[in-house]
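Let's take a walk through this structure together. Keep the sequence and the 3D view open as you read.

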Amino acid sequence: MKLVIHGKNIEITDAIREYVHQKIEKAVSHFQSITNEVDVHLSVARNPRINTRQAAEVTIYANGNVIRAEESSENLYASIDLVADKIARQLRKYKERRQDQKTQAQPPEVVVESVVTDLIGDRTPELPNEVVRTKYFSMPPMTLAEALEQLQLVGHDFYMFRNSETGEINVIYERNHGGYGVIHPRNGNAHTNGKNGKASHANIVMPEKSHSK
């Protein structure tokens with residue numbers, strides 16, 4: 001298993017590196033057969049208006065899937081402890097879901113119900129003053145059901161993926177008022193994926209067993 005440690009606004013000392021190896025290797029010890037690579041990102045947010053937050057983010061690449069967890073506190077070692085426990089739970093859920101899929105005759109059903117007009121609900125959109133981090137990911141084609149599963153694994157409120165049916169880049173997101181939505185691109189004036197020349201935003205309802213996080 002490959003384990004890579006990165007740091008931002010912090011020096012990765014031998015003591016920190018050894019602690020990360022100890023905690024993360026223990027967290028994934030029962031899942032090494034499905035774990036290809038572990039990426040650990042440690043950072044310190046220095047903002048004079050708030051207390052210093054020390055964050056630990058773990059991203060695991062497992063058989064083509066991405067599993068992610070992040071925790072922060074005022075102590076780096078405490079953050080590492082918290083994220084190690086969280087990623088172990090995420091891996092357990094992932095493995096159980098894979099085992100359930102093997103025993104099921106049919107894959108989970110994805111039902112597209114209605115058009116979503118409210119994308120952000122009551123939230124006020126805020127953009128950072130500058131790009132603070134860039135990530136690169138491979139985008140193998142996947143179905144909506146597979147994209148929803150990835151969304152639940154990475155712990156974000158949205159997930160970008162390549163739709164295996166259309167070959168286009170879509171975004172699946174968690175709605176404030178419940179359920180999930182899918183955003184499709186509009187390809188110029190000549191072609192749209194939605195009706196009446198509008199990009200479609202579909203509400204997704206999953207069976208109760210698959211919907212739980």
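**A helix across a sheet**

Start with helix 1, which lies across strand 1, strand 2 and strand 3 and runs at about 135 degrees to strand 1. Helices (H or I, at least four residues) and strands (E, at least two) are DSSP runs, numbered from the N terminus. Axes here are lines fitted to C-alpha atoms, for helices over the stretch in contact, and angles run from 0 to 180 degrees between N-to-C directions; contact means heavy atoms within 4.5 Å.

Before going on, a word on what you're looking at: this is a predicted model, where local features need pLDDT of at least 70 and side-chain atom pairs count only at pLDDT 80 or more, while totals for chains, interfaces and linings use all residues. Residues are numbered from 1 along each chain as its sequence is written, and side-chain values use heavy atoms, with hydrogens and water left out.

Four strands make an open sheet in the order 1-2-3-4, with mixed pairing. Strand 1 and strand 4 stand at the edges with a single partner strand each, so one side of each has no neighbour in the sheet. Ignoring direction, neighbouring strands of this sheet are turned by 15 degrees against each other on average. Two strands count as paired if DSSP finds at least two bridges between them.

Take the pairs one by one. Strand 1 (residues 2-8) pairs with strand 2 (residues 37-45) in the parallel sense, over seven bridges. Between these two, the chain passes through helix 1 (residues 14-27), and this β-α-β crossover is left-handed. (A right-handed crossover is one where, with the strands pointing away from the viewer, the path from the first strand over the helix to the second runs clockwise.) Look for His6, whose bridge partner in strand 2 is His41, and for Lys2, whose partner there is Glu37. On to the next pair: strand 2 and strand 3 are antiparallel, over nine bridges. Here Ser43 stands opposite Ala55 in strand 3, and Ala45 has Arg53 as its bridge partner.

One of its residues, Val40, is in contact with Leu3, Val4, Ile5, His6, Val20, Ile24, Glu57 and Val58, leaving aside neighbours within four places in sequence.

That brings us to the cores. A nonpolar core is a set of buried Ala, Val, Leu, Ile, Met, Phe, Trp, Tyr and Cys residues joined through side-chain atoms within 4.5 Å. The largest one has 29 residues, and those touching the most other members are Val20, Ile24, Val40, Leu42, Val58, Ile60 and Ile67. Strand 1, helix 1, strand 2, strand 3 (53-62), strand 4 (65-73) and helix 2 (76-103) each supply at least two residues of this core. Helix 2 gives the most, with eight. Apart from this core lies another, of twelve residues, including Met142 and Tyr180.

Finally, how confident is the predictor? pLDDT, its confidence in each residue from 0 to 100, averages 75 over the chain, and 66% of the residues score at least 70. Over residues 108-117 the pLDDT is below 50.

Methods. pLDDT is the predictor's confidence in each residue, from 0 to 100. Buried means under 20% relative accessible area, exposed over 50%, partly exposed in between (1.4 Å probe, protein chains only).
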